[in-house]
Amino acid sequence: MSRTFRTDAQLALDVAAHTARQNADRGAWSDPRADAHMPDPAFPDPDNPVLDYLVRTAEASLRRGENIQLTLVHLAVHAWFEGGVAGYDRGRGDTAHDPDSA
């Protein structure tokens, strides 16, 4: 996995630019970060077996001395994806293509 390592200031600028692009691409649909609330319980459920697997895999990677940032990024990306799957399974739908399902 190739990653760009940024300073905190550059990361803040990149996050702002990324969310601005998402909002522009989305059009008139409101910003889900501003208008949405964290689901209760959150996705995925803390007892989700895939989440448990991802956490255990990350712990094993760290015990082997693998790069901490890459391990955390891998965990975050895959947990985020699993959260999307869990949300879809709970009837949230595909919010990227169906704004009314958010």
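Reader: Why is E82 called buried?

Author: The relative accessibility of E82 is 13%. Buried means under 20%, so E82 counts as buried at its 13%.

Reader: What is E82 in contact with, leaving aside its neighbours within four places in sequence?

Author: The contacts of E82 are P44, N48 and V50. To be called a contact, heavy atoms have to lie within 4.5 Å.

Reader: How far apart are L54 and E82, in sequence and in space?

Author: They are 28 residues apart in sequence, and their C-alpha atoms are 9.7 Å apart in space.

Reader: Let us stay with L54, then. Is L54 buried or exposed, and what does L54 touch?

Author: L54 lies in helix α3. Its relative accessibility is 9%, and the limit for buried is under 20%, so L54 counts as buried. Not counting residues up to four places away in sequence, L54 touches L75, H78 and A79.

Reader: Which residues make up the largest nonpolar core?

Author: There are five in all: L51, L54, A58, L75 and A79. Helices α3 and α4 are the elements that give two or more residues to this core, and the largest share, three residues, comes from α3. What makes a set of residues a nonpolar core is that they are buried, of nonpolar type and joined through side-chain atoms within 4.5 Å. As a general point, nonpolar side chains in soluble globular proteins tend to be buried together.

Reader: And what does A79 touch, not counting residues up to four places away in sequence?

Author: A79 touches P44, L51 and L54.

Reader: T71 is in helix α4 too. Why does T71 count as buried?

Author: T71 has a relative accessibility of 8%. With buried set at under 20%, T71 therefore counts as buried. Leaving aside neighbours within four places in sequence, T71 is in contact with A58, S61, L62 and E66.

Reader: How many salt bridges does the structure hold?

Author: Two. In one of them the side chains of D52 and R56 meet, at 3.0 Å from N to O. The other joins R64 and E66, whose closest N and O atoms are 2.9 Å apart.

Reader: What makes each of these pairs a salt bridge?

Author: The cut-off is 4 Å between a side-chain nitrogen of Lys or Arg and a carboxyl oxygen of Asp or Glu. D52 and R56 come in at 3.0 Å, and R64 and E66 at 2.9 Å, so both pairs are within the 4 Å limit. In general, side chains of opposite charge can pair when their charged atoms come close.

Reader: Why are D52 and R56 said to be separated by about one helical turn?

Author: Because they are four residues apart in helix α3.

Reader: Which residues make the nonpolar surface patch?

Author: L62, I68 and L72 make it, and the patch is about 280 Å². L72 lies in helix α4. Patch residues need over 30% relative accessible area; L72 has 46%, so L72 is partly exposed and passes that limit.

Reader: Now the whole chain. What does its secondary structure come to, and what share of the residues counts as buried?

Author: The protein chain has four helices and zero strands, and 17% of its 102 residues count as buried. Its accessible surface comes to about 7800 Å², with 57% belonging to carbon and sulfur atoms.

Reader: How do you know where the predictor is confident?

Author: The pLDDT tells us, as it gives the predictor's confidence in each residue from 0 to 100. The protein chain has a mean of 76, and 66% of its residues reach 70 or more. Where pLDDT is low, the predicted coordinates should not be read in detail.

Notes. Residues are numbered from 1 along each chain as its sequence is written. This is a predicted model: local features need pLDDT of at least 70, side-chain atom pairs count only at pLDDT 80 or more; totals for chains, interfaces and linings use all residues. Side-chain values use heavy atoms; hydrogens and water are left out. Buried means under 20% relative accessible area, exposed over 50%, partly exposed in between (1.4 Å probe, protein chains only). Accessible areas come from the Shrake-Rupley method with a 1.4 Å probe; for residues, only the protein chains shown count as cover. Patches are made of residues with over 30% relative accessible area and no salt bridge: like charges are joined within 9 Å, nonpolar side chains (Val, Leu, Ile, Met, Phe, Trp, Tyr) within 5 Å.
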